[in-house]
Amino acid sequence: MMHPSTYLNKVLLGSSQGALQLWNIKTSKLLFTFPGWSAGVTVLQQSPAVDVVGVGTATGRIIIHNIRLDETLMSFTQDWGPISSLAFRTDGPPILASGSPQGHIAFWDLERRHLVTQQRHAHNTAIAAATFLHGEPLLITNGADNAIKVVNLKVVNLKVVNLKVVNLKVVNLKVINLKVVNLKVVNLKVVSVKVINLKVVNLKVVNLKAVNLKVWIFDQEGGGARLLRCRQGHSAPPTTIRHHGNDGKNILSAGQDGTLQSFSTVHERFNKSLGHAPASPRHHWTVLCCCSSVGLGRHRGVSPRSPSNHHLELPAAVDITSCGNFAVIGSSSGRVDVYNLQSGLHRGGLGAERAHSGAVRGVATETLNQMTFTAGSDWLLKFWRFKTRKQEGELKLPAAPASMMLHRDSGMLALALDDFTLLVVDIETRRVVRKFAGHQGNINDMTFSPDGRWLVTVAMDCTIRTWDLPSGSLVDCFLVAMAPTSVSLSPTGDFLVTTHVDSLGVYLWTNKSLCGPVGLRPLPADFLPTEETLPGVMADASEQEVTSEDFDDAYESADQLGAELVTLSLLPESRWKSLMHLDTIKRSEFLSDLQAALQTSCFDRPLSLLKDCGPAAVSVEITCLTSLGGGATSPGGGASLLPAFIQMIDSMLASGRDFDLAQGYLALFLKVHLRSLSQDSVAMAALLGLSNRLEAGWAELRTSFDQSMCLLSYAKSALL
C-alpha cells in the first residue's frame, strides 16, 4: 500500500494476485482497478515524478507505471528472485535501486534503461527496505540481520490518532502529509513503511527487533556506492557475553550467528563487529574465538594434535592465561591442549593421552600460571602443574560438572553441577568451602563480583540468583520472563549484563547497593522470587502521551469575568493573613529564655534551642538580639541581650563543651553586632573578659598540639 503524491485522501493497494486498486479513504470507495502483470505485487514506491510509481513483483520484474494514464513506461527484470524494496534517487541522476531476498542491491538507469551496477551481499539477509535521502547521494538500507547502520536519519512530526491495524499486508508504504483519524484496517501485514510528516499518538509496540541499517554514498567512479555508516547487532540470539577492560564500558558478545560483537555502555557509536566465524563444519577446529584481559589483539587459528581425528573432537572449554600468551583448550574427547596464541603452535597437553575419561566441562588457570584446573564429565576436578603438565591432585565431585569459573584474585573456583547445585572450591586448600542449592533447572552461566564476595548465577528456571560467599547464603533472587543464557558483572560492580533465550538484545541491570542502602539479609528457603519485566519498546500507561484532543478540550478561565465582580488572587492565606501579626511572629522563645537565663546564669535552655535551629534560623536569632532587630530591651532603653549572649558563649568555653559551636556563634555575633558593641560599655566589658578566656584556652590547646607533634616526630624518626 502507498499514498500517491498529490492524490488527496487516496491510497494505492497491491495484491498477491497482481492487481492494483486505487481507493478513497475518506469516502471508502474504490476509484479504479489496474489489471496488473500476472504476478504478485511485493513493493510499491512513489517516484519523484507525479503520477508515476514503481512496482516490484514476486517474479523479479520491476515496472515503472503511470497510474493516471494506466500506461507502463518501462520495465526491468532482476535475476535474484522477488523484489523486496525499491528506492528512487532524488539528487539528480535518474537511478532506481532494487533489493533482493539474497541481500543484493541492483541500480538501474531510468534514462538509458539498463543496469548500471550492483552491490552484492550488502546484507546477510533480505533487503527489507531502501530509501534515498532527499537531495543527497545517500541510500539507507535495512535487513533482518539485526545490523543497524545509520547516519543523519531523522523522523519529524509523526502522529497517528486512533489507528487500529490487524493482519493487513502492506508493502513499502510511503505517506506524505497524511493525518489518519479513526482508521480501522483488518488483515494488515506491514513489510516496509516510509512515512514523511506523519504524526502518531498513543503508539504501542510490542516485541520490536532491530534490523540491519546501512547508509551507502554514491561517490565512486561509474556510479558505484560504498558503505558510509553501519549500525549492526546479532542476527541470532547471543550465547556468551563478557566484560572487557577494567572500566566496565565494553561488552564482548558471541552469538549463534557466528559473529563476535563489541558493545559500549557509553554510546552506540563505539559498537563494532569483530568478525564472523566460517559456517563450514571443517572449520570447527581451525577457528578459535576467545577474549583476553590483555586487549583485543590479533587472533589466529589453531589446529589439534591429531588432524585425522578432528571430526571426532570439538572444543568444549577454553581459557587464556593471565599473561595472554597461552590458550588452554579442553575437548569433548577428554583431551586438554595448550597452544601459543602468537604463533598458533601446539605446546603440549595435560596427561599422557587424555586429561579426563569423559568430555572436558571446564578449564582454568590461576594468576601466576603455576596451576591449571580441569573439570570433566567423569565427576573429577583435577589440579595440574602448568609447566610440567603433570597432575598433582584431584577432587571427587558429587555430580558431573556443567561449567566452571575461577576468580583469580580470591582463588575461589565455582562449579555448576548437573544436579542444579553449586560448589565453591578453595584452590589453595583444594577443599569445598561452600555449597549452594536452590536452582530448579540447568545452570547456564555464572560470574563473580570484582571483590569475590558475590557469585551471580543464571539458570533455565528463569531465575537470577546472587549468593554471598562469606555468609554462605542467598541474598538476592528475581525472576525473568525468558531464561537467561549468559551473565557478566562489570569490573566496577555497577552493572550486570544478561542474555536470554530467543532474544537478540543484551540487557543491563544496575546494582542498587551502589545507589543507596540495601539490606542483604539471607533469603528464606521457601522464598518466592518476583518477576522483573525485561526492558522493551512497550510503553507503560503512565508514560503514554496525552492526545491532542485532551488539550483542545481543556477550559481556560478568563482573568476577569465582569467589571461588577471581584476576583480573588488565589494565593495561600499565609501570604496575606499574617501581615498584621509580624510583631508576635518575631517574638522568639530563644530570646525569652536567654533573658531569663541572665538572672540564673544557667544557659542550658537557650543553648539547646539554638542547637536545634538551622543556619538561617541561627542568623535570624542572633540578628534579633538588638532592639532594632526586634529583641527585648532593658528598662533604660539599651539593648540588654548582647551581654547575655556574650555570657552564654563564655559559659560554653568555661565548660569545655561545644568548642567549635561557640567559635561559630561568636564569629557570626561579632560580624552582625560589631557596631552596636562599640557603643555599649557593658557589652564591651563582657567581651573583654571573653577575649581573655579565649586567649587562655588557645594557649592550652597550643601546648597540647606542640607536645603531640613532638611525639609524632620522634616516633616517625625512630621507625625510620
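I began with strand β34 (residues 421-426), which is joined to β35 by 6 bridges, the two running antiparallel; strands here are DSSP runs of E of at least two residues, helices are runs of H or I of at least four residues, and both are numbered from the N terminus. Two strands are taken to pair if DSSP finds at least two bridges between them. Within this pairing I found L422 opposite F436 in β35.

I noted the ground rules before going on: this is a predicted model, in which local features need pLDDT of at least 70 and side-chain atom pairs count only at pLDDT 80 or more, while totals for chains, interfaces and linings use all residues. Residues are numbered from 1 along each chain as its sequence is written, and side-chain values use heavy atoms, with hydrogens and water left out.

**The sheet around β34**

I then looked up the sheet itself, which is open, has 4 strands in the order β32-β33-β34-β35, and shows antiparallel pairing. Its edges are β32 (401-407) and β35 (431-437); each has a single partner strand, so one side of each is left without a neighbour in the sheet. On average, neighbouring strands of this sheet are turned by 20° against each other, direction ignored; for such angles the axes are lines fitted to C-alpha atoms, for helices over the stretch in contact, and angles run from 0 to 180 degrees between N-to-C directions.

**D426**

Where does D426 sit? I place D426 in strand β34. D426 is buried yet has no salt bridge, and the nearest side chain of opposite charge, that of R430, is 9.1 Å away. Buried stands for under 20% relative accessible area, exposed for over 50%, and partly exposed for what lies in between (1.4 Å probe, protein chains only). A salt bridge is a side-chain nitrogen of Lys or Arg within 4 Å of a carboxyl oxygen of Asp or Glu; for charge, Lys and Arg count as positive and Asp and Glu as negative, with His and the chain ends not counted. A polar atom of the D426 side chain lies 3.1 Å from the backbone nitrogen of E428. Leaving aside neighbours within four places in sequence, I list G411, M412, R431 and V433 as the contacts of D426, a contact being heavy atoms within 4.5 Å.

**D51**

D51 counts as buried because its relative accessible area is 14%. The side chain of D51 makes a polar contact with the side chain of Y7 at 2.7 Å; such a contact is a pair of N or O atoms within 3.5 Å, where within protein one must be able to donate a hydrogen and the other to accept it, and residues adjacent in sequence count only if both atoms are side-chain atoms. Not counting residues up to four places away in sequence, D51 touches Y7, Q46, H65, N66, I67 and R68.

**The sheet from β36 to β43**

I also looked up an open sheet of 5 strands, in the order β36-β37-β38-β39-β43, whose pairing is mixed. Its edge strands are β36 (443-448) and β43 (531-532), each pairing on one side only. Strands β38 (residues 463-468) and β39 (residues 473-480) run antiparallel and are joined by 6 bridges, with T463 standing opposite L479 in β39.

**Salt bridges**

How many salt bridges does the structure hold? I read 11.

In one of them the side chains of R453 and D468 meet at 3.0 Å, N to O. R453 lies in the loop between β36 and β37 (454-459) and D468 in strand β38, so the pair ties together parts that are 15 residues apart in sequence. R453 counts as partly exposed at 40% relative accessibility, whereas D468 counts as buried at 5%.

Another joins R693 to D650, the closest N and O atoms being 2.7 Å apart. This pair links distant parts of the chain, with R693 in helix α8 (residues 681-719) and D650 in helix α6 (residues 641-655), 43 residues apart. R693 is partly exposed at 36% relative accessibility, and D650 is partly exposed at 22%.

Salt bridges that share partners join R385, E392 and R430 into one network. Within it I noted E392 and R385, whose side chains meet at 2.8 Å, N to O.

**Whole protein**
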